[in-house]
Amino acid sequence: METQFFDAGDVLLQSGRTSRGTRLAYQTYGTLNADKSNAIIWMTPFGAHHTDIEWMVGPGRALDPGRWFIIIPNLFGNGLSSSPSNAVMPANGSRWPRFTIADNVRVQRRLLTEVFGIERVALAGGFSMGGLQAYHWAALYPAAVQRLAVLCGAARTSPHNKVFLEGVRATLTADSHYQDGHFTGFPERGLRAVGRVYAGWALSQTFYRDELWRTMGFSSVEDYLVTSWEGSMLKRDPDNILAHLWAWEHADISANELYGGSFDQALQAIAARAIIMPGATDLYFQVEDNRREVARMRHAELRVIPSDWGHRAGNPMSSAEDTRFIDTALTELLSSPI
C-alpha cells in the first residue's frame with residue numbers, strides 16, 4: 001500500500017521552535033465503522049517505519065483489520081514523516097527542530113480528528129518508543145483513549161535508560177565524520193559500532209548464552225552482529241538516529257503544561273483500562289519501572305512477558321511464544337468492557 005500523508009502545516013513545538021511544512025506519514029488497515037468506534041492507533045518504535053510493525057495486523061490476530069480500523073502513524077524523525085533526512089535548509093541536519101513525544105502525539109491527534117473525525121480510540125498501543133507514545137496519548141487525552149497497551153515501554157524514560165541512550169549517541173558521534181555538531185560524511189564506522197553496542201542491550205544474556213540467534217538462521221554471533229545489527233544501522237540516516245535518541249531520552253508524560261512535571265498526577269489522570277507488558281529480561285525498560293507506574297494508575301494491570309528475548313520480547317517477529325502471549329493479552333483487553 002502507498003504511504004499516506006497528513007499535511008499538518010506549521011507546528012509550534014514544546015521547544016518553542018516551529019516545524020514548517022510538517023508532514024505526518026501514516027498507514028491504515030481495515031474500515032472505519034459508521035459510529036467510528038473501532039479505531040485503534042498503534043505507534044512506531046525507534047527508527048522504524050509502519051512497514052516494520054504491520055506484521056502484527058492480520059486476520060485472526062488481536063489487531064484484525066476485519067474488525068478494527070488500525071492507524072499506524074510514523075514517528076517524526078523516522079525518514080517518512082518530517083525528519084532531518086528529508087528537511088530543507090536551513091532546518092535540516094542538526095538544525096532540524098526537535099520533536100518531543102508530546103509533539104508527536106498532538107499531531108497524531110490532529111490526524112485522527114481532522115482527517116477521520118475520530119474523537120475516541122478503542123486502543124492506543126505500541127512497543128518501545130511506540131509504548132512511550134501510547135502512554136502520552138492516555139495522559140494527554142484521557143477521555144479519548146478507552147484502552148492502553150504498552151509493550152516494553154514506559155511513562156517516562158528512566159535514569160538508567162538515559163545512560164544507555166547516551167552511550168549509543170556517544171558511539172555514533174565518535175565517528176570521524178562528526179565534526180562541530182554536524183556529519184560531514186557518511187559515518188559507516190559509527191553506524192556499525194552503534195549496531196554492535198545496541199545488540200548487547202536489546203537482547204538478554206540468556207538470548208546469547210542459549211544461542212537463540214540460531215532460530216533466526218544465523219550461523220554465529222558474528223554473523224548475527226554483522227548481518228542483522230550492522231546491516232540495520234547502515235540503512236539509517238545518522239541525523240534521524242540522533243533525533244530519535246533525543247526524543248526518547250526526554251520522554252515524560254508529565255513534562256507539559258497539563259501536569260507541570262507531576263508524574264503521579266499524570267499517571268492518575270489516565271482513565272484507560274490498561275495492560276502494561278514489560279519483558280522479564282528487558283535491560284532498559286525494566287519491570288520495576290512499570291510496576292511503580294501501574295500502582296499509580298486507576299485501571300491498570302502489570303502483565304510481564306516471560307521471555308528470554310530481552311527488549312525484543314515486545315516486538316517478537318522471531319518468537320512465536322511471545323507473539324501468542326501478546327496477542328492473547330491484546331485480545332482480552334479489546335474484549336474488556338469500558
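This report walks through a predicted model, from its sheet to its helices, cores and charged pairs.

Local features are described where pLDDT is at least 70, side-chain atom pairs count only at pLDDT 80 or more, and totals for chains, interfaces and linings use all residues. Residues are numbered from 1 along each chain as its sequence is written, and side-chain values use heavy atoms, with hydrogens and water left out.

## The sheet

Let us begin with the strands. Helices (H or I, at least four residues) and strands (E, at least two) are DSSP runs, numbered from the N terminus. Two strands pair if DSSP finds at least two bridges between them. Strands of a sheet pair through backbone hydrogen bonds, either parallel or antiparallel.

In this model, 8 strands form an open sheet with mixed pairing, in the order 1-2-4-3-5-6-9-10. Strand 1 (4-12) and strand 10 (300-302) are the edge strands; each has a single partner strand, so one side of each has no neighbour in the sheet. From one strand to the next, the twist averages 20°.

Follow one pair to see how this works. Strand 3 (residues 39-43) runs parallel to strand 5 (residues 123-127), and 4 bridges join them. I41 has A124 in strand 5 as its bridge partner.

## Helices across the strands

Angles here run from 0 to 180 degrees between N-to-C directions, with axes fitted as lines to C-alpha atoms, for helices over the stretch in contact. Helix 2 (residues 101-115) lies across strand 1, strand 2 (18-29), strand 3 and strand 4 (69-73), at about 120° to strand 1. Helix 10 (residues 287-294) lies across strand 9 (273-277) and strand 10, at about 155° to strand 10.

With a relative accessibility of 0%, Q108 counts as buried. Contact means heavy atoms within 4.5 Å. Not counting residues up to four places away in sequence, Q108 touches L24, I41, M43, P73, Q133 and W137. I41 is also the residue whose bridge partner in strand 5 is A124.

N315 sits between strand 10 and helix 11 (320-335), and its relative accessibility of 14% makes it count as buried. Apart from neighbours within four places in sequence, N315 contacts I53, W55 and F127.

## The nonpolar cores

A nonpolar core is a set of buried Ala, Val, Leu, Ile, Met, Phe, Trp, Tyr and Cys residues joined through side-chain atoms within 4.5 Å. The largest one has 83 residues, and those with the most contacts inside it are Y135, L148, Y198, W248 and I270. Helix 3 (residues 129-140) gives the most to this core, with 8 residues. A second, separate core has 26 residues, including L63, C152, A329 and L333.

## A closer look at helix 5

How does the span of helix 5 fit its 15 residues? The expected span of a helix is 1.5 Å times one less than its number of residues. For helix 5 this gives 21 Å, and its end C-alpha atoms are 21 Å apart, which agrees.

The buried residues of helix 5 are G190, L191, V194, G195, Y198, A199 and A202. They pack against helix 4, helix 6 (205-209), helix 7 (221-234) and helix 8 (238-249).

## Charged pairs

Side chains of opposite charge can pair when their charged atoms come close. A salt bridge is a side-chain nitrogen of Lys or Arg within 4 Å of a carboxyl oxygen of Asp or Glu. The whole structure has 17 salt bridges, including these:

| Salt bridge | N to O distance |
|---|---|
| R110 and E114 | 2.8 Å |
| E166 and R169 | 2.9 Å |
| E188 and R192 | 3.0 Å |

R110 and E114 are 4 residues apart in helix 2, about one turn of the helix. R110 is partly exposed at 27%, and E114 is partly exposed at 49%.

E166 and R169 are 3 residues apart in helix 4 (residues 159-173), again about one helical turn. E166 is partly exposed at 37%, whereas R169 is buried at 18%.

E188 and R192 are 4 residues apart in helix 5 (residues 188-202). Salt bridges that share partners join E188, R192, R196, E222 and E230 into one network.

Conventions:
Buried < 20%, exposed > 50% of the residue type's maximum accessible area, 1.4 Å probe, protein only.
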